[in-house]
Amino acid sequence: MPIEFRGVYKTYDGVIALEDVSLEIPSGKVCALLGPNGSGKSTLMKIALGLVKPDAGTVSVNGLDPFKEPIRVRRIVGYVPEEITLYESLTPAEYLSFVASVYGIEDPESRALKLAELFEFTEHMYKLGGELSHGNRRKLMIISALMHDPKVLIFDEPFSGLDPTSGKVLKELLREYASRGRTVLLSTHILELAEAIADRVIVIHKGRVVAEGDVDELKKLTRRKEFEDVFFEVTGLSKDLDEMLKALKEV
Amino acid sequence: MTVTLKLAKIFAKEIIYRSRKTRRKSFFYDPNKPISLWKNNLVQIIAFAFPSICIGGACVNLYLETGSFLPLVLGLGFLGVLQAGVAGYSVASIVNMLIEHRLIEPLLTRPISISEVWGGVILAGLLYWGVLTSFALVIPMVALIVYVTGNLLIILTSILMIAALTIMAFGIGFMATALSPGVKRSRILRGVTVVIWLLAFVAGYFYYFILLKAIKITTSENLLLLFSILPPFNFIMVAFNPTDVRSALSMIVWSALMVILLIFSTRRCWRALFVGEFIAFSLPSLGVKTVKRQKIVDKGVLGFMFKDLKILARNTQRLSRFMYGVLMPIAFIAPVLVGVSFKPSIIAPAVAGLSGACATVGLSVSELVYCEGRAAPLLYTFPLTRRKIAYEKSLVILPISLVYGMLLSAVMYISTGNFLSAIACLVNAVVVSFGTSYAMLTLILRNLPSIPSEWSEYSIELGGVALRVIISLLAIFVGSASAMIFYVMDEFYFSPIVICLGMLMLNLMIRSFTPDKPLTG
């Protein structure tokens, strides 16, 4: 399997972030990680890239251990972090030149411009990073993650802040990458989006994988028509939600 | 507690946390406790009081010997300038951080008035960020003057001087912040700013020479005239010559000008504080700015160098600090060169020694890591090891040291006519500056945190600063000494061999305990 987690545990100052997570992310499919805030999605993605070390368990990306061979893993992965960090005093063109140097990309100019055109980013290529809006910063992060045509895509909340057109482009692009046999793992809070784009959905709650499969499978399993209801059912949040809605009326 | 004071405490603590990004406790900082006024100021007060007592003592002694009050005016005036400089620098740095992290923005949605927010910023600057401590540069000398001369008026005029200089410091700090976006965009302004910064760095050095000469002047009509119209000297002049209308008038005029500067700079700065400098200052120019096309190319091993040079070139403060380290060796021999006109017998050995003293660059390469700023976590996601980052960053030094080395070799060739010595100069300068830079960067990279979110400017300081300074100083001393020895032995062209071997050994040693793993490893 391109990405495999086996019995992964992670705690932060005694608080459990991931508990016995065993997962297989296949190639050729768009896999979406779903879960409430703080459920452990970002931690899991960071572990796959070797940015966060698990307390126990093993991880492999295309057969490589991200902690034993971190450089090789980073060469094949395109990663978009949830929190955007960029050089504010560099223009996107300058930053992408740097990315090209790090990965040794052939003809980076045409690659970057193609991607920039796709995301309607061309006009922002020569502004300073600090002048970009939140959405455009996100676009730059996505473009830079795709520059080296990675075999594995790990995108943490990539749709956050994107305009509808770019959102649509990204959806198509992720599907296209998956159809070419690449591995696509993304996280999102938007259930409709996951339903629309993902071939496979993994629901994480309180650091544990609580459901896994394609959307229709999960609907059948839980006997629910709406995916939103499936999500609340598998996470056990439906009871909390009922109580919250009751309390809401009292506000 | 008033809203203003509460805000001041929040700003002060937030800035400390953001610059450290650690929950580690220390004597000066405990993340679980409110910020402490005395812990934040005490050490600096002692540190600043020391030069005040030394300079004050020397000036008072001269006053007692000659009976002229001019040395007192000169000494106290110098300390006043220093106080304004320290306060202004603190204010500019902190306001810049408030803007960079957009810390004021969340307050806009709260029922807090703009004047309360400004009050909070000013109070935080005054109480926690070094403005209050800067007063310690002036107060001990004033106390000495009062004790020796019995002149009580100096207390009043000194208070007025401190107040006016503090207002000016805030004005300059806010103005510097307000002007920084324009500076970032204009190459000419960036160049001018770097020169101003460099002058500020060496100001104390030059003042020392001026002070040495001027302190001997006990009576001078021209100097009296200058002091009576120039701040902060005019404030002190009023105390010693209360009947002089010129001094009193200029004191009032300058005080008014400083208040106007503060009001003006506050107006320019507030927008950046509320919405961030890039948004605040780029909005009006949108649509009219011409876009200059930049080619996206894989620059290979030079990619890092181009990135770092660009970031450095756009951050004048960092560039100036970096340049200061590069140019520092010149300051060592400047007093030798000044006044000797062009005597090859003096210049040639000085240049020979200088070629081996380029390790000063090693002291400033940390700027190449600082310049990563908040984007540093990106480095953790790239397929780069600690050693590789250190190596690629140290390449920045190569072009600079080449230019520097060529200048030295040209001087050597002109003064001796010996081609081999000139080449030896070039090799020494390049090898020493590149070697120490690589060693220092390897040490810094070795000690950076392995978790991206823990990265902060403070983490660079954690990386064995003392060890880095010791190694740099050793390299400076050994490098220049060996170059000089070979020069004196008339076999200067052998010095590059020894220096190359020395640098190789230093780097192999440091490299051996730096793992070839990514930052996360």
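This is a predicted model: local features need pLDDT of at least 70, side-chain atom pairs count only at pLDDT 80 or more; totals for chains, interfaces and linings use all residues.
**View 1. A parallel pair of strands in the six-stranded sheet of chain A.** At the edges sit E5 and E9 (208-213) of chain A, each of which pairs on one side only. From one strand to the next, the twist averages 15°. Look also for helix H8 (residues 215-222) of chain A, which packs on the sheet and touches E8 (200-205) and E9 of chain A. The direction of H8 makes about 110° with that of E9(A).

**View 2. An antiparallel sheet of three strands in chain A.** Neighbouring strands are turned by 20° against each other on average, with direction ignored. E1 (residues 3-12) of chain A joins E4(A) over five bridges in the antiparallel sense, and A:Arg6 is found opposite A:Thr58 in E4(A). Helix H1 (residues 41-49) of chain A packs on the sheet, where it touches E1, E2 and E4 of chain A. The direction of H1 makes about 120° with that of E1(A).

**View 3. Helix H5 of chain A and what covers it.** H5 (residues 134-146) has 13 residues. From first C-alpha to last it reaches 19 Å, close to the 18 Å expected at 1.5 Å a residue. Because 12 of the 13 residues of H5(A) are buried, the helix is largely enclosed by the rest of the structure. Among the buried ones are A:Arg137, A:Arg138 and A:Lys139, as well as A:Leu140 and A:Met141. The cover over the buried residues includes strands E5 (77-80) and E6 (152-156) and helices H3 (92-103), H4 (108-118) and H6 (164-179) of chain A. Chain B takes part too, through helix H18 (377-381).

**View 4. A:Tyr95 in the largest nonpolar core.** This core has 153 residues, and A:Phe5, A:Tyr95 and A:Phe155 have the most contacts inside it. Helix H21 (residues 419-447) of chain B gives the most to the core, with 12 residues. Which residues is A:Tyr95 in contact with, leaving aside its neighbours within four places in sequence? In chain A they are A:Tyr87, A:Leu90, A:Leu140, A:Met141 and A:Ser144, and in chain B they are B:Leu378 and B:Phe382. Another core, of 69 residues, lies apart from this one and includes B:Ile15, B:Val117, B:Val138 and B:Ile162.

**View 5. Chain B, a chain with 24 helices and zero strands.** Of its 521 residues, 49% count as buried. Among contacts in chain B with a separation of 6 or more, 81% come from residues 24 or more positions apart.

**View 6. Confidence along chain A.** The mean pLDDT of chain A is 90, and 100% of its residues reach 70 or more. Within chain A, E6(A) has the highest confidence, at 96, while helix H10 (residues 237-250) has the lowest, at a mean of 74.

Conventions:
Residues are numbered from 1 along each chain as its sequence is written. Chains are lettered from A and ligands numbered from 1 in the order in which they are written. Side-chain values use heavy atoms; hydrogens and water are left out. A nonpolar core is a set of buried Ala, Val, Leu, Ile, Met, Phe, Trp, Tyr and Cys residues joined through side-chain atoms within 4.5 Å. Buried means under 20% relative accessible area, exposed over 50%, partly exposed in between (1.4 Å probe, protein chains only). Helices (H or I, at least four residues) and strands (E, at least two) are DSSP runs, numbered from the N terminus. Contact means heavy atoms within 4.5 Å. The expected span of a helix is 1.5 Å times one less than its number of residues. Two strands pair if DSSP finds at least two bridges between them. Axes are lines fitted to C-alpha atoms, for helices over the stretch in contact, and angles run from 0 to 180 degrees between N-to-C directions. pLDDT is the predictor's confidence in each residue, from 0 to 100.
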